[in-house]
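Please look over the structure below.

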Amino acid sequence: METIYSVKPILALLVSAVGAMLILFTGERRRNLREFWTLLAAALKFSIVASMIPSVIKGKTIECTLLHLFPGVALQFRVDAFGLFFATLASALWIATAVYSIGYMRGLQAHSQTRFFFCFAFALHGALGIAFAGNLFTLFIFYEILTISTFPLVAHKETPEAVRGGRKYLAYLLTGAVLIFFSMGVTYGLTGKLDFVAGGFLQGHGSDNLLRFLFATFILGFGTKAALMPIHEWLPTAMVAPTPVSALLHAVAVVKAGVFCVLRVVLYVFGPKLLYDLDLWLALAYFASFTIILSGMLALAQDNLKRRLAFSTINNLAIIILGAALLSPSAITGGIFHIAAHGFMKITLFFVAGAIYVKMHKESISELDGIGRKMPITLGSFAIGAMGIAGTPPLVGFISKWYLCLGSLEAKEMVFLFVLLISVLLDIAYFFPIIYNSFFKKSKDELKPGIQEASMFMVAPIAICAILSIVLGVSPNAFVHFFEMASFAMKSILGVGG
Amino acid sequence: MTASPFPILIIVVPLISAFLIILLGWLKKNLCYPFMVAALAVSALSSLAILQEVIHHGILHYHLGNWDPPWGIEYVIDPLNAFVLVIVSVISLLIAIASKKMVEREFPHKVVFFYCLFLLQVTGLLGIVVTGDVFNLYVFLEIASLAGYALIAIGEDGAPFASFNYMIYGTIGACFYLLSVGYLYIVTGSLNMADLSRLLPDLYSSKVVLMAFAFFVVGVAIKMALFPLHVWLPDAYTYAPSSVTSLVAPLTTKVGAYVLIRIMYTVFEPNFSKVAIPAATILSWVAFFAILFGCILALGQKDLKRMLVYVLIAEVGYIALGVGLGNRNGLTGAILHIMNDALMMACLFLIVGAITYKGWPRQIDRFIGLHKKMPVTMAAFVISALSVIGIPPACGFFSKWYLVLGAIDAKQWLFVAVLLVSSLLNAILFFRVIERAYFEPGANERNVQPVKNKAKFIWDEAPLSMLIPTVLLAAGILSVGLLSGTIISEVIQFALPASF
Amino acid sequence: MMIGFYAMIGKNNLVKKLIGMNIFQTSIILFFISTGSKKGATIPIVADGHGVVHRTIEAIQYMNPLPHVLMLTAIVVMVSTFGVALALLLMIYRRYQTLEEDEILALRRK
C-alpha cells in the first residue's frame, strides 16, 4: 500500500478552524458575511476531502505527521478508506446543514448565532480530526475538541432544560473520555504504540482477561458517544437543542464519530482475529442487538417527534456496531456503509422535524395530523427517509440492510438475522403512523388552506437529501464512491487483498 | 566552568533593582513600573539564554567569588534548573506587566514598596532554583518567604492574620530545612549539592542522614503546601491581593516542588527514597489524598478564588504523585506539570484579578452575563479550565497522560483511578463557573431583542496591560501542550536522573 | 527547640507564638554552633596573622568557623523574620484590637 505525503488532511481540518475564527470575528453585525464564511468553509472542506478520494480508492493512504509527541506516538493524520468515508460524509452533510441552519436560525430569530456558527465550524474541525487520525492519541485530542465544541450547541437555548441537557451531555461524554484515556494508557503500556493498523495490533500483548477488560473499557468509553445502551440517555435529552444541532449530532458528526471510533477500536486496534479468539465479537453483537430491540420499542412510546427520531438513531447506530461485530465481509461492508446511508436519511428526517417546528410550531407526533397536505415536499421527504431507514428499496437504506443480513448469514448466526428483521418491523411500526397521519388524516386545528412550506433555505436541503437517499440507493457509488470506500476498508481489515 | 554571566545576572539584576526602585520611587514615581518590567525582562531573557546554553553545552557552573566548590558557593544549572528558571522568570514578567493596574487600584500609596517586594520575591525564587549549595538555598528560601509574607499581608481583611499564620508555618518549614542542612553538614562537612551526592551514599545507613532526609522532606512539604501541611495556603492566598496571588500561587509551590525533586533525586540518590526509607511510596500516598482533598473541598467553595486555591492544592498533589511514583514517566509528568500548572494557575488567578478589577464580585453565583462583558477573559478562562480538567489540546492533558502512564507502569491502579476521577471532579468545578457565566438562563433573552440592534459594544474588558498577559498565557497553554513532545525530548529527558 | 515548637502551636496569644518561633530558631542556631566546637579548641582567629602570608595552621586547635558564618546569616534571617512578624502584629492589632488568636477568629467569623 503506497503512502502519499501531503498536507491535504491538515488543510481539510484547518479550513473549518480558520472559518470558525473568521465567524467569531465577523460577529453579529455582518450576518451575511458570517454566513458566507460558513458556506465557504463547508464547500472548501468538501472539495479538499473529495479530492483525496481518487487516490485512496486506488489503494494509497495519505499521511501527514505534524509533531512527535512521545516515543511511538506522533500527532499524525493518516487518510485511509474508512477515515475518508467518514470525512466525506461529514463534510458533505455539513454543507446541507449549514444552509439549513441559516434558514432555521433566521426563521426563529434566535440569539447567539455567532456562537452557534462558531461552535458548529469547530465541531466539524473535531469530526474531521477524528476521521483522519492515524492513531488513538490524535483521535482522542479531536474527540475532546468535538465534545467541547458541541456542548455550547446543546445548551444553546439557555433555558433550564437546555442547561440540564448540556450538563448531562458533558457528564456522559467526559466520563466516557476518562475511560478512553485509561484504555489508551493501558494500550500504550502494553504495546508501546497507538497507531491504527487494519486488522488490529493488540494480538499477543497481555493476557486474555486483561484484553477483555480493556475491550470493555474501550467500548464503554466510546460507546457513550455512540449512544449504546445503557449509556445512551444523553441523546434523547440532547434533543432540547435546536434542530440543526440535533441534525449535526445525529447524522453529521457526533454519534457518527462515536460509532466510527468504536469501529476503529474493533477493527483497527483489536482486529477480527483477536475478537474471534476472545469470543468478544459475540458479546458485542449481543450487546448491540439488545440496544437495537430495546431502542426500537422505546421509540414507539415517544410522542415528541425528535425524541422518537433519537431512539431511531440509537437503533441504527447499534445496527452499525452489530455489522462490525459480526466480522464477516458483507457485515463489515454493510455496517460501514450504513454510517453514510443512515446519515443521509436521518438528516432528512431531522430537517423535516425542524421545518415543522419553525413553520407550524409543532413538536409532537399527535399534532401532526394532516400536515402533509400543508407541507407536501417536507413530509414527502420524511416519507422517503423513513422508508429508507426501514430498508425499502430503492432507497439507500436497503443496501446496507441487505449487506448486513448477508453478513449475518455469512457469520452463521441466524439470531442476528432475526434481530435485523425485527428492527425493520419496528421501524415500520414507528414511522408509518407519522406518514399516514400527516397525509391521510384530517388535521385537528384550523389550518389555512394552501401550501405553506418553510423557507427555501430549509426546504432545499430537505429535498436534496431525500433525493440523494434515492440516488445513492440506486447507485451507491454515485459522486463520491461511498460504497467503494466501504468495501475497500473491509478488505484491508480482513486482509483480503489490496 | 564557563564564563557565562547569565547565572549571576539572573539573580543580581532583580536584587539590585529591588533596592534601586525604592530610590527611584522617591525621585520619580512613574519610572518605577517600566524599571521593574525592564529588570524582569532581563531576567527572563537571561533564563532563555541559559536554557539555550544548557541544551547545547551541558551543565553550567558559576563559582561565586571565584572560590572553587566545595569551599565556595556554586551555581549549577542543569536541564531541570534551566527549565524551572525559564518558567519562573517568564511568568513573573507577565504577572508584573499585569499587576500595574491592579496595584494602583488596590493600594495606590504603597505601589513602590509593592514593586520592591515583588522583585525581592522573584529574586528569592530564582535564587532557589539557580543555586547548587544547600545553605544558599535556605537563604534564598527565606528571602522569598519574607517577601511573600509581606506581600500577602497587604491584602484585604483577613490578610495580616493569614500572613501571620503563614509565617509561623513557613518558619517551621524553613527551620526544619535548616536543621537538615546542619545534620548533613555534620556528617559530610560539605554544603555543595554535587559534593553531597558524592559523599552521601556511603552514609545512607546513618541515622543522622535519615533524620536529615525526613526533616528536608517535611520542611519542603510545608513550603510546597502538600497535604496535610497545606493549612496555611487557603487563607493566605485567598486574602492576598490578586496581583500577589497571581505571582505567588503559580510559582512558590512549584519552586518548592523543584526543591523536593532536587533533594530526592539529586542530593540523595533515587534508590534512597525507595530502599532506605519508603519515602517515595509515602509521598505518593500523601499526594493521593492531596488530590482527593483538594478537589472535594473545592466543590464546596462559593468564592472563585478560594476554589482555585483548593485546585492548586490538588495540582501540587499531582506533582508530588509524579515525584513519588519514581519511574521515568511519572517524573516526566511531574516536571511537565510544574510548567503546565504554573501556566494554568497564573492565567486563572490573573483572570480572577481582572474580574475583581472590573468590579464583579468573586462569588460564582454572581457571574451571570460575564461572558458578554468580558469575552476575552472568559475565553482564556475556558482554555485554562480545559487544561486543569485535562482535555487536549490544552497542556494539562499531556502532563496527566504521563502521570497516568507512570501510574500504570508502577501498577498502581488506585493512583490511575484518582487521576481520572479528579479530572471529572475538576470538570464539575469549572463547568459550574462556565455555565454560570455563559449559559445562565436569563442572560440571553430569546426572541426579544431583534438581532440587528447590536451596534453598541457592551464589552467592559480588563485593561490591555492585564488582558495581554492573560491572552499570552492562554495561548501558551494551548501551544505548550502540543509542543510537549519537543520539550520533553530536548529538555526534560535530560533532567531525569540517570538511573531511570 | 521543643519549647519553642510547643509555644508556636499551643499558645493563644500571637506574641507568645512569635516568641516561641524565636526560641525555635535560636535553638537551631545554637545547635549548629555547637557542632563546630571541639574540646579544648579556641576561637578561629589566627593570632598575629596580619601581614603573614603563609603559615601552617593546626586546624584541630581551632573551632570550625563555617557554622559560625552560616549562623551569622541565619541570625540575620531570624531578625528580619522577627521584624516582619512584629509589623504584621501591629497591623493585626490595629485591625482587631486584640492579639489573642481565639478572639481574632471569633471576630473574623462575624
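Where is the place of Ala227(A)? Ala227(A) sits in the loop between helix H8 (208-225) and helix H9 (234-237) of chain A. Helices are DSSP runs (H or I, at least four residues), numbered from the N terminus.

This is a predicted model, in which local features need pLDDT of at least 70 and side-chain atom pairs count only at pLDDT 80 or more, while totals for chains, interfaces and linings use all residues. Residues are numbered from 1 along each chain as its sequence is written, chains are lettered from A and ligands numbered from 1 in the order in which they are written, and side-chain values use heavy atoms, with hydrogens and water left out.

**Positive phi**

- Ala227(A) has phi near 55°, a positive value in a residue other than glycine.
- Ala227(A) is buried, at 1% relative accessible area (buried means under 20%, exposed over 50%, partly exposed in between, with a 1.4 Å probe and protein chains only).
- Lys411(B) also has a positive phi, near 55°, and is not glycine.
- Lys411(B) lies in the loop between H17 and helix H18 (413-439) of chain B.
- Lys411(B) is exposed, with 57% relative accessibility.

**Cis peptide bonds**

- Phe227(B) and Pro228(B) are joined by a cis peptide bond, with omega about 0°.
- Pro228(B) falls in the loop between helix H8 (207-224) and helix H9 (232-239) of chain B.
- Pro392(B) and Pro393(B) are joined by a cis peptide bond, with omega about 0°.
- Pro393(B) falls in the loop between helix H16 (375-389) and helix H17 (395-409) of chain B.

**Helix packing in chain A**

- Helix H6 (residues 136-154) of chain A packs on helix H10 (residues 243-252) of chain A at about 145°, with axes 10 Å apart.
- Axes are lines fitted to C-alpha atoms, for helices over the stretch in contact, and angles run from 0 to 180 degrees between N-to-C directions.
- From H6(A), Thr150(A), Leu153(A) and Val154(A) meet Val245(A), Leu248(A) and Leu249(A) of H10(A) (contact means heavy atoms within 4.5 Å).

**Interface of chains B and C**

- In this interface, 28 residues of chain B contact 35 residues of chain C.
- The buried area between chain B and chain C is about 2,900 Å², and carbon and sulfur atoms give 83% of it.
- Buried area is the accessible area (1.4 Å probe) that two parts lose on being put together, summed over both.
- Between chain B and chain C there are zero salt bridges (a side-chain nitrogen of Lys or Arg within 4 Å of a carboxyl oxygen of Asp or Glu).

Note on methods: Helix = DSSP H or I, 4+ residues; strand = E, 2+ residues; numbered from the N terminus.
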